[in-house]
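Morning, everyone. Please take a look at the model on the screen, and then we'll walk through it together.

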Amino acid sequence: MKLFTPKKHEPPRAGTDVVATLAEITQRLEKLERVITDLKQNVDLLPAVVRKLYLDGVELTPPYDLIAERFSYLSQNDEDGLILAIFKRIGTTDRRFVEIGCGMNGGNSGFLAQECGWSGLMMDNRPDAIEKVRTRFTGHQVTVRLARVSRENVDALLAEHGMTGELDLLCIDIDGNDYWVWDAITACRPRVVSIEYNWLFGASRPVTIPYDESFDLATVGVRAYRGASLAALVHLATRKGYRLVATERVNAFFLRTDVGPEWPALDPARGYRAPMNIAHSRDVFTKIRNAGLPLLNVVTGESET
């Protein structure tokens, strides 16, 4: 397949010919970008296909039985496969989801909505992301809402859109107050919770950024200063009646205690997955301290700087 049709070019003449040439170059670059984007999605799926072939018939213990089924189709990492693997084991009820921080791809619920017919609510505070999500999920049972979700308004937003009581999946990825938003939710009782954790905080320290309704990662100056550690989220999950069952590079997956009781809980030390660029985390606490930014220990309630 030819991406571009060869064309004989003559030296551009002044005026409108230059404008037309620049417009043509722009169109070709946009076409190349679309082709590369489509190709990347297929390339990203190759490790999952190879993993499936090699591990077929191999008996795996938790959490490796779940992790082995990971893949990325719409999700940023391998969340699509992990979430699907969880629901293949525990089954579904109403196949409803709530996605807080859906980004431009629908977040961790996008695959379920687009390929499995799930219904739900996607929210994000970026107009450009909401515009793309509305277009992508046109014709699917998805309500899209532009909103800055906080612990003060999260329950009201869920109730406004009928997302109360039991539902199958809650996903949170807002690069900031993730811990506090989950802590504040009482309007619904999801069977599965997927929430992003800050891998830079390591496996042992139960810390989160203090709550700030106006928190904006873009203005902080330290990219690592966001969200909560895996240990902090496990502490919160236990208090809310959930247990950790699997993780991938930046997401933790929790089951409600009455769901799939045969699955063992993971402690943070065993669940933590260090990315390949783990070296960047060595001085993260020094950077945060030097910037005068506080962290909160969720177990002791004390500030750590």
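Which side chain meets Lys88 in a salt bridge? Glu69 does, at 3.2 Å, N to O. A salt bridge here is a side-chain nitrogen of Lys or Arg within 4 Å of a carboxyl oxygen of Asp or Glu.

Before I go on, some ground rules. This is a predicted model: local features need pLDDT of at least 70, side-chain atom pairs count only at pLDDT 80 or more, and totals for chains, interfaces and linings use all residues. Residues are numbered from 1 along each chain as its sequence is written, and side-chain values use heavy atoms, leaving out hydrogens and water.

Back to our pair. Helices (H or I, at least four residues) and strands (E, at least two) are DSSP runs, numbered from the N terminus. Lys88 is exposed, with a relative accessible area of 57%. Glu69 is partly exposed, at 23%. The cut-offs: buried is under 20% relative accessible area, exposed is over 50%, and partly exposed is in between, with a 1.4 Å probe and protein chains only.

The whole structure has 15 salt bridges. Another one joins Lys287 to Asp283, with the closest N and O atoms 4.0 Å apart. Salt bridges that share partners also link Asp65, Glu69, Lys88 and Arg89 into one network.

Next, Asp124. Is this residue buried or exposed? Asp124 is buried, with a relative accessible area of 7%. Its side chain meets Arg126 in a salt bridge, 3.4 Å from N to O. Arg126 is partly exposed, at 39%.

Asp124 also has a bridge partner in β3, namely Leu146. Strands β2 (residues 119-124) and β3 (residues 142-146) pair in parallel over five bridges. Two strands count as paired if DSSP finds at least two bridges between them. From β2, the chain passes through helix α5 (residues 127-136) to β3, a right-handed β-α-β crossover. Right-handed means this: with the strands pointing away from you, the path from the first strand over the helix to the second runs clockwise.

Now an antiparallel case. Three strands form an open sheet in the order β6-β9-β10. The edge strands, β6 (207-208) and β10 (303-304), each pair on one side only. Two bridges join β6 to β9 (residues 295-297). Val207 stands opposite Asn297 in β9.

Last stop: helix α1 (residues 16-55), where we find Leu22. Leu22 is exposed, with a relative accessible area of 51%.
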